[in-house]
Amino acid sequence: MELSLHDGRCEGYGLCEEAAPRIYRLPDDADVEILHAKVPADLETEAAAGARVCPVAAIQIHR
Amino acid sequence: MTPPGVVVVGGSAAGVAAAEAARRSGFDGPITVIGDEPHPPYTRPALSKALLRGTAGAESVHLPAPDAGIDFHPGRRATGLDTARRRVLLADGEALGYTGVVVATGARARTLRRGACGETVLRSLDDAIRLRETLRGARSALVIGGGFVGTEVASACVAAGVPTTVVTRHALLVPHLGPDLARLVTREATDAGVVLVRSHAEMRLVGGERVTGVVLPDGTALEADVVVTAVGCLPNVEWLRGSGLVHHGGVLVDERCRAAAGVVAAGDVARVRGPRPARTPFWTAALDQARVAGEALVRGEAAPRYVPAPFYWTEAFGLAVTIAGPIPAAGHRETLAGSLLDRSGLFRWRGPGGSTVAAVNYKIAVRKLRALAREGA
């Protein structure tokens, strides 16, 4: 599984970070950082849950 | 024919999240999600914001597709639940057997007329696309309701250059945000040219196949090219008639979102037991409930309880507001950064139900917003 951001969509809510802190990190003054663009197998479900909770659908999952 | 497994009724964000939670909790049988809308899961809160304003296209609201191990069927509607024989009955005549079922059929827009005859509402992706089209070329708009959806729709109308009137019981968002933030939103709305008409009682809609205006109890008649009804939502429970699961207009569930043996519910359709059982038709509540429901279906008592963690946001008239904690924000206001007058900052209220923190045009992660609310408790 790989993750990417849709350009310009992140609005910095940080719900992804709350749901999946090992995958997403939201700095104060920037868009979310994806800590593992290529997601380790044991973190895939967490990564998907974090992507699904984004209210602006900013996170893309590539399988 | 596949053996019975988990059937999720409802193909929105909550339905899919519940399905993935069931899988994550160790359920290795078939999982089927059915939804009556023709679309893959999408984010509903975005409909009344970027999509309606036209700054984003329809594809921008689509959420990641469900995991490959989940059988997703859009465009299929459930018409009944037979809990004795553990079957979900579908409009197309098929019956899906289940070992466990997730009720995630959500809610629909409440309307003022029976059957919504001629009324325009904003609830689904199709509603939003249609309304966006209608606003192009409209010379006037009338929005009935000053809640989150009504306020955001009015903002989109103004952004589209359409002169807009809002008929509302209170000033905009008073029961939702509390007086301080509501005053700010209302001021920005009127500065943007919105005409607010206050009406406390039921009004009468005018027009047949298409509503063209309203008559207020005092006889005032208001007309517009576009009339949008935004007066809340009603849970989709009619298909559960006879199941014994519906209480006071919602599916009553325990703190693990369980409604009955083999039945869980999550999202806008669910009422969680507690001192004041109520539906909480908001994004994070729906997704949190979905995760609990999916896990409880598989692990029962071993699943964690649902703990409400209120988080809300709205965008209207140049204001982006995010809120952690109980709403409406009430009590003494403390300014943590910026100023309300400058329409930017961080604010905290200590109310009877706990501490509420709001960020106005101020970027802050939900994690930090919640921490500020806890500090203020």
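**A hairpin, aromatic rings and an enclosed helix**

Guide: In chain B, strand β23 (residues 332-339) runs antiparallel to strand β24 (residues 344-351), and 7 bridges pair them. Strands are DSSP runs of E with at least two residues, helices are runs of H or I with at least four, and both are numbered from the N terminus; two strands pair if DSSP finds at least two bridges between them. The model is predicted, with local features requiring pLDDT of at least 70 and side-chain atom pairs pLDDT 80 or more, while totals for chains, interfaces and linings use all residues. Residues count from 1 along each chain as its sequence is written, chains are lettered from A and ligands numbered from 1 in written order, and side-chain values use heavy atoms, without hydrogens or water.

Within the pairing, B:T335 has B:F347 of β24(B) as its bridge partner. The two strands form a hairpin with 4 residues between them, and B:R343 in that turn has a positive phi of about 60°.

Next, the rings. Rings of Phe, Tyr and Trp (its six-membered ring) pair if their centres lie within 6.5 Å; planes under 30 degrees apart are stacked, over 60 edge-to-face, and the rest tilted. Over all chains this gives 4 aromatic pairs. In one of them, B:F148 and B:F282 have ring centres 6.1 Å apart and planes at 85°, so the pair is edge-to-face. The two residues are 134 residues apart: B:F148 is in helix α4 (residues 148-159) of chain B, and B:F282 is in the loop between β20 (270-272) and α7 of that chain. B:F148 is buried at 14% relative accessible area (buried is under 20%, exposed over 50%, partly exposed in between, with a 1.4 Å probe and protein chains only). B:F282 is partly exposed, at 27%. B:F282 also pairs with B:Y312, with centres 4.8 Å apart and planes at 85°, so this pair is edge-to-face. B:Y312 lies in strand β21 (residues 311-316) of chain B, 30 residues from B:F282, and is buried at 13%. A:Y13, B:F311 and B:W313 form one aromatic cluster.

Last, helix α2 (residues 44-52) of chain A has 7 of its 9 residues buried, so it is largely enclosed by the rest of the structure. Among its buried residues are A:E46, A:G50 and A:R52. Their cover, by contact (heavy atoms within 4.5 Å), includes β1 (2-5) and β4 (59-62) of chain A, and α1 (13-24) and α7 (283-299) of chain B.
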